Amino acid sequence: MKLHPIESGNFKLDGGAMFGVVPKSLWHRTNPADANNMIDIATRCLLIEEGNQLILIDTGMGNKQSDKFFSYYYRWGNHSLDASLKKAGFHRDDITDVFMTHLHFDHCGGSVQWNDARTGYEPAFKNAIFWTNLPHWNWATKPNAREKASFLKENLLPMEESGQLRFIEHPPYPFMKGTSLGFDILFVDGHTDKQMIPHIQYKGKTLVFMADLIPTAGHIPLPYVMGYDTRPLLTLSEKEGFLKMAADHNYYLFLEHDAHTEICTLHHTDKGIRLHNTYTFNELFS
């Protein structure tokens, strides 16, 4: 097995929304804001190369939305999903499985593309199966008013209409069939219903793809919960349990949204569980 970080693009979000009730005087120390109060955000995906399978975890925002839509998110930098796949030696047509932690637009927008010459919206990975879970699919396709702007029908329905959508139920997970991949899923409900947090055994380490449970290293302290979370008190409980496990068992946290830190570890301190070390993917696994 081999893993490849896939940088699919950077953007900005309002720092206040990203840190909820935590005041800017605290969160700006780790996530400095610009003049518009926007902080740097990554969409860092992960590609798993295992035998004949290529499993891509999340796909970023994509590029099919309107200029008006993207104007809200201040895209920056030169990263793209296709360029990152090419750097790893692959093309999107090589992908066999797309695992979506959840269906907010910045995690699954790249799963669907617009094609004027053919059918309009279509799956961006023509040879892949798209994996979510049924409770979250139902939550996303019948959205509540709070999350409606994050669940875009053009990101979702083309996967179903193509016949390429599948639902994860319980282990052993279907996309692991016939492989030796050490892969487990933690389901969490605070941010959105049935978000999936993959745990991957790789080179003697447990690498956890954090998605929106801990989006950046600045979100490690327990009360630092996003304003976007639908059940923030539940997030507190889920974070507390996960942070203890991560510190006790030396998990390596793969940060999807931290534009400046790829991977980190945690440790116990007098102030609670805090950041221990940070790593680039290459220095940790070279």
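Trainee: Which backbone nitrogen does the side chain of Asn 133 reach?
Mentor: This is a predicted model, in which local features need pLDDT of at least 70, side-chain atom pairs count only at pLDDT 80 or more, and totals for chains, interfaces and linings use all residues. Residues are numbered from 1 along each chain as its sequence is written, and side-chain values use heavy atoms, with hydrogens and water left out. Asn 133 lies in the loop between β7 (129-132) and α6 (134-141), where helices (H or I, at least four residues) and strands (E, at least two) are DSSP runs numbered from the N terminus. At 3.0 Å, the side chain of Asn 133 reaches the backbone nitrogen of His 136.

Trainee: Which backbone oxygen does the side chain of Asn 133 reach?
Mentor: A polar contact is a pair of N or O atoms within 3.5 Å; within protein, one must be able to donate a hydrogen and the other to accept it, and residues adjacent in sequence count only if both atoms are side-chain atoms. Contact in general means heavy atoms within 4.5 Å, and leaving aside neighbours within four places in sequence, Asn 133 is in contact with residues including Phe 167, Phe 187 and Lys 194. The backbone oxygen reached, at 3.1 Å, is that of Lys 194.

Trainee: Is Asn 133 buried or exposed?
Mentor: Buried means under 20% relative accessible area, exposed over 50%, and partly exposed in between (1.4 Å probe, protein chains only). The relative accessible area of Asn 133 is 2%, so Asn 133 is buried.

Trainee: With which side chain does that of Arg 92 form a polar contact?
Mentor: Arg 92 is found in the loop between α4 (81-87) and β4 (97-99), and Arg 92 is buried, with a relative accessible area of 14%. Apart from neighbours within four places in sequence, the contacts of Arg 92 include Leu 81, Leu 85 and Phe 125. The polar contact, of 2.8 Å, joins the side chain of Arg 92 to that of Asp 82.

Trainee: Which backbone nitrogen does the side chain of Glu 262 reach?
Mentor: Glu 262 lies in the loop between β12 (252-254) and β13 (263-269) and counts as buried at 17% relative accessibility. Beyond neighbours within four places in sequence, Glu 262 is in contact with Pro 5, Arg 44 and Tyr 279, among others. At 2.9 Å, the side chain of Glu 262 reaches the backbone nitrogen of Phe 281.

Trainee: How far apart in space are Leu 13 and Tyr 73, C-alpha to C-alpha?
Mentor: Leu 13 lies in strand β1 (residues 2-14) and is buried, with a relative accessible area of 12%. Not counting residues up to four places away in sequence, Leu 13 touches Met 18, Ile 39 and Tyr 73, among others. Leu 13 and Tyr 73 are 60 residues apart in sequence, and their C-alpha distance is 6.3 Å.

Trainee: What share of the residues of the chain count as buried?
Mentor: Along its principal axes the C-alpha trace spans about 55 × 45 × 35 Å. Of the 286 residues of the chain, the share that count as buried is 54%.
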